[in-house]
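User: Could you walk me through how to read the features of a model, one at a time?

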Amino acid sequence: MGAFVKAILITGASSGIGFSTCELFIKRGYIVFGSVRTKSDAKRLNNTFGENFYSVVFDINDIESMEKAKKTIIGIVGNVNLAALVNNAGIAVLGPLEHLKINDFQRQLETNVVGTLQCIQCFLPLLGISTSNIGPKGRIINISSALGG
């Protein structure tokens with residue numbers, strides 16, 4: 001990858017804000033790595049976005065799958081820092097708090113808070129904390145929404 005090409009990782013790329021964010025950065029000339037949880041979503045997005053898009057299949061609750069995706073990204077960008085990590089993946093368990101099942105709420109917290117932290121910790125070396133990488137340090141952008149009714 002050339003020194004002038006910027007790359008970015010966007011989680012939750014299969015739909016909504018993540019999909020639109022991928023589209024925006026591809027139009028601006030970035031190499032975009034978009035995380036999805038299924039191979040069918042990966043294939044669909046690869047076909048939709050073309051050569052500047054690479055899908056990486058992982059779940060932010062699965063550290064092993066994130067580590068595998070990190071190796072894939074390193075295989076493409078080498079020792080060039082990512083410009084950003086956009087943490088967009090998350091879930092919403094909706095409903096009045098009085099009726100919300102505690103297990104569902106805990107799953108939401110595990111995904112939206114702990115999963116996001118795991119993702120940050122996993123990809124920090126690709127954002128410039130590794131002294132062996134080159135280029136400007138990358139940014140972390142966390143996207144969140146209301147946690148239900």
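Predicted model: local features only at pLDDT ≥ 70, side-chain atom pairs only at ≥ 80, totals over all residues.

User: Which residues of α2 are buried, and which exposed residues sit on the face turned away from them?

Analyst: Buried means under 20% relative accessible area, exposed over 50%, and partly exposed in between (1.4 Å probe, protein chains only). In α2, Asp41, Ala42, Leu45 and Phe49 are buried. They cover an arc of only 100° around the axis, so they sit on the same side of α2; the arc is taken from the directions from the helix axis to the C-beta atoms. Facing away from that side are the exposed residues Lys39, Ser40, Lys43 and Asn47. The cover over the buried residues of α2 includes α1 (16–27), β2 and β3.

User: What does α1 look like when read this way?

Analyst: Its buried residues are Gly18, Phe19, Thr21, Cys22, Phe25 and Ile26. Their arc is only 165° around the axis, which puts them on the same side of α1, while Gly16 and Lys27 are exposed on the other side. β1, β2, α2 and β3 are among the elements covering the buried residues of α1.

User: How many residues does α3 have, and what span should they give?

Analyst: The expected span is 1.5 Å times one less than the number of residues. The 15 residues of α3 should span 21 Å, and the end C-alpha atoms are 21 Å apart, which agrees.

User: Which residues of α3 are buried, and what do they pack against?

Analyst: Ser65, Met66, Ala69, Lys70, Ile73 and Val77 are the buried ones. They lie on the same side of α3, because their arc around the axis is only 145°. They pack against β1, β2, β3 (53–57) and α4. The opposite face of α3 carries the exposed residues Glu64, Lys68, Lys71 and Gly75.

User: How many salt bridges does the structure hold?

Analyst: Side chains of opposite charge can pair when their charged atoms come close. The cut-off is a side-chain nitrogen of Lys or Arg within 4 Å of a carboxyl oxygen of Asp or Glu. This structure holds two salt bridges. Arg44 pairs with Asp41 at 3.1 Å, N to O; these two are three residues apart in helix α2 (residues 39–49), about one helical turn. Lys70 pairs with Glu67 at 3.3 Å, N to O, and both lie in helix α3, also three residues apart. Arg44 is partly exposed at 35% relative accessible area, and Glu67 is partly exposed at 31%, whereas Lys70 is buried at 14%.

User: Where does Asn61 lie, and which residues does it contact?

Analyst: Asn61 is in the loop between β3 and α3, and is partly exposed at 37% relative accessible area. Contact means heavy atoms within 4.5 Å. Leaving aside neighbours within four places in sequence, Asn61 contacts Glu110, Thr111, Gly115 and Gln118. The side chains of Asn61 and Thr111 are joined by a polar contact of 2.9 Å. The term covers a pair of N or O atoms within 3.5 Å; within protein, one must be able to donate a hydrogen and the other to accept it, and residues adjacent in sequence count only if both atoms are side-chain atoms.

User: Finally, how many residues has the largest nonpolar core?

Analyst: A nonpolar core is a set of buried Ala, Val, Leu, Ile, Met, Phe, Trp, Tyr and Cys residues joined through side-chain atoms within 4.5 Å. The largest one here has 20 residues, and those with the most contacts inside it are Leu9, Phe33, Phe58, Ile73, Leu82 and Phe123. β1 (7–10), β2 (31–36), α3 (63–77) and α4 (102–123) each supply at least two of its residues. A second, separate core of 16 residues includes Ile10, Phe19, Val36 and Phe49.

Technical notes: Residues numbered from 1 in each chain as written. Heavy atoms only, no water. Helix = DSSP H or I, 4+ residues; strand = E, 2+ residues; numbered from the N terminus.
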